[in-house]
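Visitor: Hi! I'd like to go through this structure with you, a bit at a time. Could you show it first?

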Amino acid sequence: MLMFVDNVKITVRSGKGGDGAVAFRHEKYVPLGGPSGGDGGRGGDIILKANEGMNTLMDFRYKRIFKAQPGQNGQIKSMYGHKADPVYIVVPTGTSVYDVDTGKLVGDLTENNQELVVAKGGNGGRGNIHFASSKNQAPEIAENGEPGQEKHIKLELKLIADVGLVGFPSVGKSTLLSVATSAKPKIAAYHFTTLSPNLGMVKLDNGQDFVIADLPGLIEGASNGVGLGIQFLRHVERTRVLLHLVDMDPNNGREPYEDYLAIRKELGNYDKNVLKRPEIIVPTKLDIPGSEERLAEFKEKLATDVDIFPISSIQHTGVKDLMNHTSEVLSKAEPIHFDVQSNDSQEYNFEPKAKQFTIEKDAEHSFVVKGQKVETLLQRTNLDHQDGIMRFARQLKSMGIEDALINAGAESGDSVTILDFTFEFI
């Protein structure tokens, strides 16, 4: 039995950029060959790709970490390193992607083959061919590749179905799905039989077809976390037409009209836009004695302009007419537009510029420098050559770190640490 998974967290790590090379030409008849170290290649990206053939995130239960390869290092003779291939992660169409650390929506994959870059590979470092100048014609300076990105993301699947079946548990949603389509959902007479959404394809005699989803039964308070409904309300967002099933069994101890209002309330509490979708009210279990009288009372309490299609899934009564009418309503329904954050429209708020670095006194004669910019600068500096070390020292001075250390009480001979690199302050 295939298990349905619609919410999972994974870790992605893009590839580090390749290091630039320090090299010089040593060719015959080229006495002043000069630097010839090539650039490193770009690291591999991590890309999510939507596939409409998938309908679950089950595969991610067994693999949660995805890594891309680093770019190739630069070569001699000014040869650039190869960039690494991207890593594609296939997800179902309808997957929303969130940043776990910030909670923000990264993107929404709603179309087949749509792609989303969730972690960019690091840029390759420059080789010493870029650092030659009139003052230093043979520089032993090269950059290391930019580190890759590591991100923790949450994948949240929202089924993309044309029609959604909603209603209290055991009103007959799974039975209707099994009758109207070839789907074989688990059916039994107890609450929360459907523990996961089921999809089916309705094919009509006129050649039209549409996808219908049986969503797990809601109960009052579902939008606040009561029962199982809160886990699956998200799937209602993407259905264009709602079939609202209401139980007409006179022996179930419930009031149909109150049930109808309760479900509408939960849908509205979750997303008011859902209530604007076309709705067809489907009274069910009309094969049970006494159900016709209950249906008459239910109709009296409803507005006169609502769509009502009573059915008996057991006897297949009214199901064909319901599906034909649903197809007509669906053909007139507005397409759903997904609100996805875009860089084209941003709201800018003034914030004071954050400090580029901080200096902490770790112990007597020992200081620690922290800050994203200075740490990235260190990671991209090739410290295997004296020219690279001197360039790094000049960059620290231009950032004001040297003066800040003096103001913090640093003296010659004290140790200064940035990440895992420690040097003597002079």
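Predicted model: local features only at pLDDT ≥ 70, side-chain atom pairs only at ≥ 80, totals over all residues.

Visitor: Thanks. Where is Leu204 found?

Guide: Look in the loop between strand E10 (198-203) and strand E11 (209-214). Helices (H or I, at least four residues) and strands (E, at least two) are DSSP runs, numbered from the N terminus.

Visitor: And how far apart are Leu204 and Ala180 in space?

Guide: They are 9.6 Å apart, C-alpha to C-alpha, and 24 residues apart in sequence.

Visitor: New topic: how many salt bridges are there?

Guide: The count comes to 14 salt bridges. The rule asks for a side-chain nitrogen of Lys or Arg within 4 Å of a carboxyl oxygen of Asp or Glu.

Visitor: Which residue forms a salt bridge with Arg126?

Guide: Glu143 does, and the closest N and O atoms are 2.9 Å apart. Glu143 and Arg126 both sit in the loop between strand E7 (115-119) and strand E8 (150-157), 17 residues apart, and the pair links distant parts of the chain. Glu143 is buried because its relative accessible area is 12%, whereas Arg126 counts as partly exposed at 33%.

Visitor: What about Arg380 and Glu143, how far apart are the closest N and O atoms there?

Guide: In that salt bridge they are 3.8 Å apart. This pair also links distant parts of the chain: Arg380 is in the loop between helix H5 (372-379) and H6, Glu143 is in the loop between E7 and E8, and 237 residues separate them. At 19% relative accessibility, Arg380 counts as buried.

Visitor: Which residues are linked with Glu143 in a network of salt bridges?

Guide: The network links Glu143 with Arg126, Arg380 and Arg391.

Visitor: OK, on to Lys285. What is its phi?

Guide: Lys285 has a positive phi of about 65°, although it is not a glycine. You'll find Lys285 in the loop between strand E13 (279-284) and H3, and it is partly exposed because its relative accessible area is 25%.

Visitor: Which residue forms a salt bridge with Lys285?

Guide: That would be Asp247, with the closest N and O atoms 3.2 Å apart. Asp247 belongs to strand E12 (residues 241-247), and the pair links parts of the chain 38 residues apart. Asp247 counts as buried, since its relative accessibility is 8%.

Visitor: And what is the phi of Leu419?

Guide: For Leu419 it is positive, about 55°, and Leu419 is not a glycine either. Leu419 is in the loop between strand E17 (415-418) and strand E18 (421-424). With a relative accessible area of 40%, Leu419 is partly exposed.

Visitor: Let's do rings. How many aromatic pairs does the structure hold?

Guide: It holds four aromatic pairs. One of them is Tyr260 and Phe298, with ring centres 6.2 Å apart and planes at 80°, so the pair is edge-to-face. Rings of Phe, Tyr and Trp (its six-membered ring) pair if their centres lie within 6.5 Å; planes under 30 degrees apart count as stacked, over 60 as edge-to-face and the rest as tilted. Tyr260 lies in helix H2 (residues 256-270) and Phe298 in helix H3, so the pair ties together parts that are 38 residues apart in sequence.

Visitor: Are Tyr260 and Phe298 buried or exposed?

Guide: Both are buried. Phe392 and Phe421 form an edge-to-face pair too, 6.4 Å centre to centre with 65° between the planes. Phe392 is in helix H6 (residues 386-398) and Phe421 in strand E18, so this pair ties together parts 29 residues apart in sequence.

Visitor: Which residues form one aromatic cluster?

Guide: Phe392, Phe421 and Phe423 do.

How values were computed: Residues numbered from 1 in each chain as written. Heavy atoms only, no water. Buried < 20%, exposed > 50% of the residue type's maximum accessible area, 1.4 Å probe, protein only.
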